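Please consult the sequence and the coordinates alongside the text.

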Amino acid sequence: QVQLVESGGGLVQAGGSLRLSCAASKIISNINAMGWYRQAPGKQRELVAQITSGGITKYADSVKGRFTISRDNARNTVYLQMNSLKPEDTAVYYCKWTRLWSNMVYDYWGQGTQVTVSS
């Protein structure tokens with residue numbers, strides 16, 4: 001059973017930075033995309049950033065220019081660098097990896113890490 005473990009969340013003042021990490025418990029082959037999602041209280045989970053196996057990135061409009069997603073294949077880890085944080089970035093952040101294998105799609109989710117931005 002593969003587990004994704006996020007780390008790096010915490011409490012930060014507005015304008016500050018945090019770096020989230022998401023590592024797999026073992027090597028997963030055929031990963032098509034890695035992404036970060038977030039869910040604030042009373043809101044739906046939303047995509048924050050995604051990076052494909054080819055290195056193509058996609059960001060939510062609300063974080064463009066402030067957040068950067070990257071991956072380290074050797075460490076089987078994906079990162080989310082968050083700068084210029086705002087109170088509205090407060091949420092539980094989840095990583096999700098999507099694997100394509102034998103015409104099937106497998107999604108792996110982490111347990112989430114809390115990010116709180118104070119004003």
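C95 counts as buried, because its relative accessibility is 0%; buried means under 20% relative accessible area, exposed over 50%, and partly exposed in between, with a 1.4 Å probe and protein chains only. C22 is likewise buried, at 0% relative accessibility. This is a predicted model, in which local features need pLDDT of at least 70 and side-chain atom pairs count only at pLDDT 80 or more, while totals for chains, interfaces and linings use all residues. Residues are numbered from 1 along each chain as its sequence is written, and side-chain values use heavy atoms, with hydrogens and water left out.

The two cysteines C22 and C95 form a disulfide with their sulfur atoms 2.0 Å apart, a disulfide being a pair of cysteine sulfur atoms within 2.5 Å. Their link is right-handed, with 50° about the S-S bond. It joins distant parts of the chain, 73 residues apart: C22 lies in strand β3 (residues 18-24) and C95 in strand β9 (residues 91-101). Strands (E, at least two residues) are DSSP runs, numbered from the N terminus. The structure holds one disulfide.

Strand β4 (residues 31-39) is largely enclosed by the rest of the structure, because seven of its nine residues are buried. β4 also pairs with strand β5 (residues 46-52), in the antiparallel sense over six bridges. A33 has T98 as its bridge partner in β9 and T52 as its bridge partner in β5. The hairpin of β4 and β5 has six residues between the strands, and in this hairpin G42 takes a positive phi near 75°.

Terms used:
Helices (H or I, at least four residues) and strands (E, at least two) are DSSP runs, numbered from the N terminus. Two strands pair if DSSP finds at least two bridges between them.
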